[in-house]
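Biologist: I've got this chain open and I'd like to go through it with you. Can we take the terms one at a time?

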Amino acid sequence: MSSFAHRTRIKICGLTREADVDAAVAAGADAIGFVLYAPSPRAVSAARAAELARRLPPFVSPVLLFVNEIASNVIAACADIPSAIVQFHGDETPEQCLAATHGGRRPFLRAARIPLAGGTLGLDLVEYAQRYSQAQAILLDAHVEGYGGGGQTFNWSLLPPSVDSHLVLSGGLTPANVTDGILQVRPRGHSLAVDVSSGVEATGPDGKPMKGIKDTGKIQRFVAAVRAADAQLASFTDV
């Protein structure tokens, strides 16, 4: 297996500022996420997402995150960002995902919210991937109160060994733990990408995260940690 096969794609999510978009791109992000869910502290309007997305160079994908949004609003937002990928992060059924993406012609990710408690996964991920087989990937996030991501990890070791889908690992990732996450989850799907938001946010004077404001240094360290994991995996198999 070549080292290329081990390249983990990186999405930086919850961006609200031009400077953070530019920093993520400069660091090597493959995708930039915009939250179009009004209750989220990282929410932006569709118009603002389109404005920020216009800064992206070729081959860096904008991703629009929705939570239980009606299909017409998803379609309208995507109309202003032709290259956008849709991320469904609520309770959307397979039929609703398809209705909002013109039958799946626009690529979409479907979030699977993994329960935090218990000694079992609490979700049949293999069956879930079958139900959403038209999704480009299944995004794995911790199930917390509310929607849109809670910045918490779940027990990665409980994931099934083989899932018939591309996977995106999300939920509580940081520069410190992403390497371990990649090593644990990569073998379980067709491929693996990672999605980070709170783990690369700036810290305010009160010591608390500044939601929606990213830290360039943390972004750079996160990307470096991902590439270190890729190199470690490649060293296991390259000849």
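Biologist: How many helices and strands does the secondary structure of the chain come to?

Modeller: Seven helices and ten strands. Helices (H or I, at least four residues) and strands (E, at least two) are DSSP runs, numbered from the N terminus. Mind that this is a predicted model, where local features need pLDDT of at least 70, side-chain atom pairs count only at pLDDT 80 or more, and totals for chains, interfaces and linings use all residues. Residues are numbered from 1 along each chain as its sequence is written, and side-chain values use heavy atoms, with hydrogens and water left out.

Biologist: What pairing does the closed barrel have, and in which order do its strands run?

Modeller: Eight strands go S1-S2-S3-S4-S5-S6-S7-S8, with parallel pairing. The twist averages 25° from one strand to the next.

Biologist: Why are S5 and S6 called paired?

Modeller: Two strands pair if DSSP finds at least two bridges between them. Six bridges join S5 (residues 108-114) to S6 (residues 137-142), so by that definition they pair. Arg113, for one, has Asp141 in S6 as its bridge partner.

Biologist: How do you know that the buried residues of H1 line one face of the helix?

Modeller: Buried means under 20% relative accessible area, exposed over 50%, partly exposed in between (1.4 Å probe, protein chains only). In H1 (residues 18-27), Asp20, Val21, Ala23, Ala24 and Ala27 are buried. Seen down the axis, they fall within an arc of 165°, so they line one face. The arc is that of the directions from the helix axis to the C-beta atoms.

Biologist: What puts the buried residues of H3 on the same side?

Modeller: Val74, Ala77 and Cys78 are the buried ones in H3 (residues 71-79). Their arc is only 95° around the axis, which puts them on the same side of H3. An α-helix has 3.6 residues a turn, so residues three or four places apart point the same way.

Biologist: And what covers the buried residues of H3?

Modeller: The cover includes helix H2 (46-53), strand S3 (61-66) and strand S4 (85-88), where contact means heavy atoms within 4.5 Å.

Note on methods:
Axes fitted to C-alpha atoms, helices over the stretch in contact; angles between N-to-C directions.
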